[in-house]
Amino acid sequence: MRAIHYFAMPWLALMASSATAQAIATVPVQLSNFRFTPNQIVLKHGQPYVLRLTNAGEGGHSFGAATFFAAASVAAADQPLIKKGSVEVPAGQVREIHLVAPGPGQYDLKCTHFLHASFGMKGTIVVQ
């Protein structure tokens, strides 16, 4: 329990200081059969967000954005959900990732399941 407290405190302090300047925005992203909605996510550098990933598809999907997640400040409690730069979202389930947007740039987004990106399940994350 102390370990969780130790790792959560810096994140909470960061979120609290950022939240005083601006409320934490929730960014809904729907994963469905071979598409992300929206397929372009626009964020502002240094702002806190909650990515709310909802799988409305019939099978499993992932939110794969390795470069983005490597550059973002992800809440310690949510880091175990990200494996090899991807968040697995089983059918009918929701995953929330709390983070602070990284530096400006364009980051690739794709479903890492076999052939899903080839069928169109890809997009971009634009940080301004």
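Colleague: Why is Val89 counted as buried?

Modeller: Val89 has 0% relative accessibility, and buried means under 20% relative accessible area, exposed over 50%, partly exposed in between (1.4 Å probe, protein chains only); Val89 therefore counts as buried. This is a predicted model, in which local features need pLDDT of at least 70, side-chain atom pairs count only at pLDDT 80 or more, and totals for chains, interfaces and linings use all residues. Residues are numbered from 1 along each chain as its sequence is written, and side-chain values use heavy atoms, with hydrogens and water left out.

Colleague: Where is Val89, and which residues does Val89 touch?

Modeller: Val89 lies in strand 8; strands (E, at least two residues) are DSSP runs numbered from the N terminus, as are helices (H or I, at least four). Not counting residues up to four places away in sequence, its contacts (heavy atoms within 4.5 Å) include Leu31, Leu53, His61 and Val94.

Colleague: What makes Ser32 buried or exposed?

Modeller: Its relative accessibility is 14%, so Ser32 counts as buried. Ser32 belongs to strand 1 (residues 25-32) and touches Ala56, Gly57, His61 and Met121, leaving aside residues up to four places away in sequence.
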